[in-house]
Amino acid sequence: MEGGSPGWDLRPSSPLGAMTAPDSRVPFRRPLQLSLYLLAIMTFSFLMHLRSWFPTARQRLPSPNATDRSPTTPPTTPPATERGMWTVNSIGRLGNQMGEYATLYALAKMNGHQAYILPQMHQQLAPLFRITLPVLSSDVVRRVPWRNYGLHDWMSEEYRHIKGKYVRLTGYPCSWTFYHHLRQEILQEFSFHDHVKEEANRYLAGLRGQRQNVTYVGVHVRRGDYVRVMPQVWKGVVADKAYLEKAMGYFRAKYQEPVFVVTSNGMEWCRENIDASRGDVYFSGDGKESSPGRDFALLAHCNHTIMTIGTFGIWVGYLVGGETVYLANYTLPDSPFLRVFKPEAAFLPEWIGIDADLSPLRGGT
């Protein structure tokens, strides 16, 4: 038969043709071939099982884009694993988290690696912002052999040449010197969800009243633990009543109908020390340190910013992009705070500083 196996060729093999006795081996060829075929299948199947029992090193390493199955850590797209995995510690409150995120975004890109964030950071930032960096699962975080790399609070030349494929940045970086060259990308990362924008704008519209040329000025007054920590630990002060009067006076002199939207983690102090008799001051903050998103969104949707100290206010000013007035020189010259914080790396050059009153420190009161 055409195309048949040679072992089944029944044509005569000699001139005697059918007179020749048949080859006694012919009847056994088919069972032998079937046996060999079955043996090959069984061997292949066994090898495949062995491979599943003992995965390769590549298979044992968790996928970089594996995520926790929770609403706060949604699935991510498969990364280019050859670019490595960079992340950053997730510590501090909202302003710290934003600084860490932006610094990771910039340094990973600068060094040619893929950036990922921890689940805790995603939980802090994702409810407010349209952040895009993929999220690592807790399992991957535990199993990757990270190289911890400490950062101080301003950009340095050596950060352009960080070695390592699996790097975890550490510290509290929050300085425009890390990421200002990517300003538009950072602003896009920290763009608000629609429902957050709508709520903030609705509230601000309600403050307009009969004003025709309203200018919204967000005021953030940092108090809380800083009231104690600044004088006792850092040889510094927090903003006082006089500073806020000067800052608000600047905007009152420059704009026809300013509206001051005040938020703080010390709202009671604000009500007692900020003059609201002109009818242009609104104490809008809820003072909830555990959920600062509403206050932050209100301030970020204003036209200009008055901040005191702290990363929360710095980020408000950075996102708003209008005029920002800040408390300047709020520590003594020999403050240990100046070893970890450079004012020129924290406040943009175009921002307006008003010097703090250091007399309480110099007077020992």
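Helix α8 spans residues 194-208, and helix α12 spans residues 293-300. In this predicted model, their axes come within 9 Å and cross at roughly 65°. Angles of 65 to 115 degrees count as roughly perpendicular, and α8 and α12 therefore stand roughly perpendicular to each other. The crossing of α8 past α12 is right-handed.

Which residues of α8 and α12 meet? From α8 come Val196, Glu199, Ala200, Tyr203 and Leu204. From α12 come Arg294, Ala297 and Leu298. This contact of α8 with α12 has six nonpolar residues, two charged ones and no polar ones.

Helix α12 also meets α13. The axes of α12 and α13 come within 9 Å and cross at roughly 40°. That angle makes α12 oblique to α13. The crossing of α12 and α13 is right-handed. On the α12 side, the contact uses Asp295, Phe296, Leu299 and Ala300. On the α13 side, it uses Phe312, Trp315, Val316, Leu319 and Val320. By class, the contact of α12 with α13 holds eight nonpolar residues, one charged residue and no polar ones.

| Helix pair | Axes come within | Crossing angle |
|---|---|---|
| α8 and α12 | 9 Å | roughly 65° |
| α12 and α13 | 9 Å | roughly 40° |

The largest pocket has a volume of about 880 Å³. How many residues line the largest pocket? The lining has 35 residues. Nearest the centre of the pocket lie Asn96, Arg222, Tyr226, Gly310 and Thr311. Four elements each supply at least two lining residues: α3 (94-110), α9 (226-233), β5 (257-264) and α13. The pocket lining divides into 17 nonpolar, 11 polar and seven charged residues.

The structure also holds one cavity of 30 Å³ or more. The largest cavity has a volume of about 40 Å³. Cys174, Ser175, Trp176 and Tyr179 are among the residues that line the largest cavity. Ile314, Tyr318, Ala346, Leu348 and Trp351 also line the largest cavity. Two elements give two or more residues to this lining: α6 (176-179) and α13 (311-320). Is the lining of the largest cavity charged or nonpolar? Eight of its residues are nonpolar, one is polar and none is charged.

Helix α13 supplies at least two residues of the lining of the largest pocket. Helix α13 also gives two or more residues to the lining of the largest cavity.

Terms used
Residues are numbered from 1 along each chain as its sequence is written. This is a predicted model: local features need pLDDT of at least 70, side-chain atom pairs count only at pLDDT 80 or more; totals for chains, interfaces and linings use all residues. Side-chain values use heavy atoms; hydrogens and water are left out. On a 1 Å grid over the protein atoms alone, a cavity is a set of points where a 1.4 Å probe fits but cannot get out, and a pocket is an open set with protein on both sides within 12 Å along at least five of seven lines; lining residues have an atom within 4 Å of a point. Grid points are joined across faces, edges and corners, and a volume is the space filled by probe spheres set on the points. Ala, Val, Leu, Ile, Met, Phe, Trp, Tyr, Cys and Pro count as nonpolar, Asp, Glu, Lys and Arg as charged, and the others, Gly among them, as polar. Axes are lines fitted to C-alpha atoms, for helices over the stretch in contact, and angles run from 0 to 180 degrees between N-to-C directions. Angles under 35 degrees count as roughly parallel, over 145 as roughly antiparallel, 65 to 115 as roughly perpendicular and the rest as oblique. A crossing is left-handed if the near helix is turned anticlockwise from the far one by less than a right angle, and right-handed if clockwise. Contact means heavy atoms within 4.5 Å.
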